[in-house]
Amino acid sequence: MAVLTLAKAINDGLRAAMERDPKVLIMGEDVGKLGGVFRVTDGLQKDFGEQRVLDTPLAESGIIGTAVGLAIRGFRPVCEIQFDGFVFPGYDQIVSQLAKLHFRSQGKVPMPVVVRIPFGGGIGAVEHHSESPEALFAHVAGLKVVACSNPVDAYWMIQQAIASDDPVIFFEPKRRYWEKAEVDVSAEPQPLHSARVARPGSSLTLAGYGPVLKTCLEAAEAAVADGHDIEVIDLRTLSPLDLGPVFDSVRRTGRLVVVAEAPSETSVAAEVCARVQQECFHSLEAPVLRVTGFDTPYPPSKCEEDYLPDLDRVLDAVDRSMGW
């Protein structure tokens, strides 16, 4: 049992995967000598060498395209996109090649590529450094999309993603990189594409993923003072979605609030709301509500606290749901 930050948990997970399989490579901007801007890959180039931890040019399309070629040759590349807003020059390679080759080759050419993307706001960064583009990838057939929220999941999920023969977009909540938790590296991990109940309850269901999971847990604790026993579900996997635990919870509580940093329209949160309305209609005691970022470009850092879902906005939604 070790106490790890989320960033160190990913680092240790990468290290474990590289020790287990010499075909695992890491590539990206400043991932080697610098150890990444968030130091997630710190020490890996020193221990595994420049042939396995590659500092690349500032060229996301080149990074992903090279990873596709390496995967065809039997390697398991892990690409780091330095910030969420930097992924778009590589988007064509991801959706046109990486997502399609396994299907195009009728299963003969697997694409075991992981694309790591620090995402979300809350760090006071400039433009293009605080995006939440997960819906753009979750909508693409052929990609798997996951988001860790804590060090335990970070440690195991990165290893499971690397072991997958399908491409995985791995979203990391950058404002939670320094959160700490005990990680049992000998435990049996939860399956990668499964949601989990982070806090049991009976009055209302809160569902979220990535950086807002902590906010949901804080809201559940705060709501105890008002007599509400809130269940919190960490979605963890965004494509494929695992909504069984959400359905089970809503059938007991009758109420659901979905929380996410991304804008609301045509989002992962919107899909969760629609599916619950479809599958649990006769169990609902109130409309399904969502608390999200606004349908605007991400604001300047001075305004981001008003943009991001916070404790007050989540509790307001809880009160509205309980008031029905």
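Predicted model: local features only at pLDDT ≥ 70, side-chain atom pairs only at ≥ 80, totals over all residues.
**Entry 1, the annotated stretch.** I began with the record, where an unreviewed UniProt entry places the feature "domain: Transketolase-like pyrimidine-binding" at residues 4-179. Over residues 4-179 I found the chain to be 36% helix and 18% strand, and I noted that the end C-alpha atoms of this stretch are 8 Å apart.

I looked up helix α1 (residues 6-20) and helix α7 (residues 151-163), whose axes come within 8 Å and cross at roughly 30°. The crossing of α1 past α7 is right-handed. On the α1 side I listed L6, A9, I10, D12, G13, L14, A16, A17 and R20, and these meet P151, A154, Y155, I158, Q159 and I162 in α7. Sorted by class, the contact of α1 with α7 has 11 nonpolar, two polar and two charged residues.

I then turned to helix α8 (residues 213-223) and helix α12 (residues 311-322), which pack at an angle of about 55° with their axes 9 Å apart. That angle makes α8 oblique to α12, and I noted that α8 passes α12 in a right-handed crossing. The residues I wrote down from α8 are T215, E218, A219, A222 and A223, which meet L311, V314 and L315 in α12. By class, the contact of α8 with α12 divides into six nonpolar, one polar and one charged.

Q106, in the loop between α5 (101-104) and β5 (114-119), has a positive phi near 55° without being a glycine. R236 also has a positive phi, of about 65°, although R236 is not a glycine, and I located R236 in the loop between β11 (230-234) and β12.

Which of these positions is buried, and which is exposed? I recorded Q106 as exposed, with a relative accessible area of 68%, whereas R236 counts as buried at 1% relative accessibility.

I placed P240 in the loop between β12 (237-239) and α9 (244-253).

Note on methods. Residues numbered from 1 in each chain as written. Heavy atoms only, no water. UniProt positions renumbered as here; feature names shortened; annotations may be inferred. Helix = DSSP H or I, 4+ residues; strand = E, 2+ residues; numbered from the N terminus. Axes fitted to C-alpha atoms, helices over the stretch in contact; angles between N-to-C directions. Parallel < 35°, antiparallel > 145°, perpendicular 65-115°, else oblique. Left-handed = near helix turned anticlockwise from the far one by under 90°. Contact = heavy atoms within 4.5 Å. Nonpolar A, V, L, I, M, F, W, Y, C, P; charged D, E, K, R; others polar. Buried < 20%, exposed > 50% of the residue type's maximum accessible area, 1.4 Å probe, protein only.
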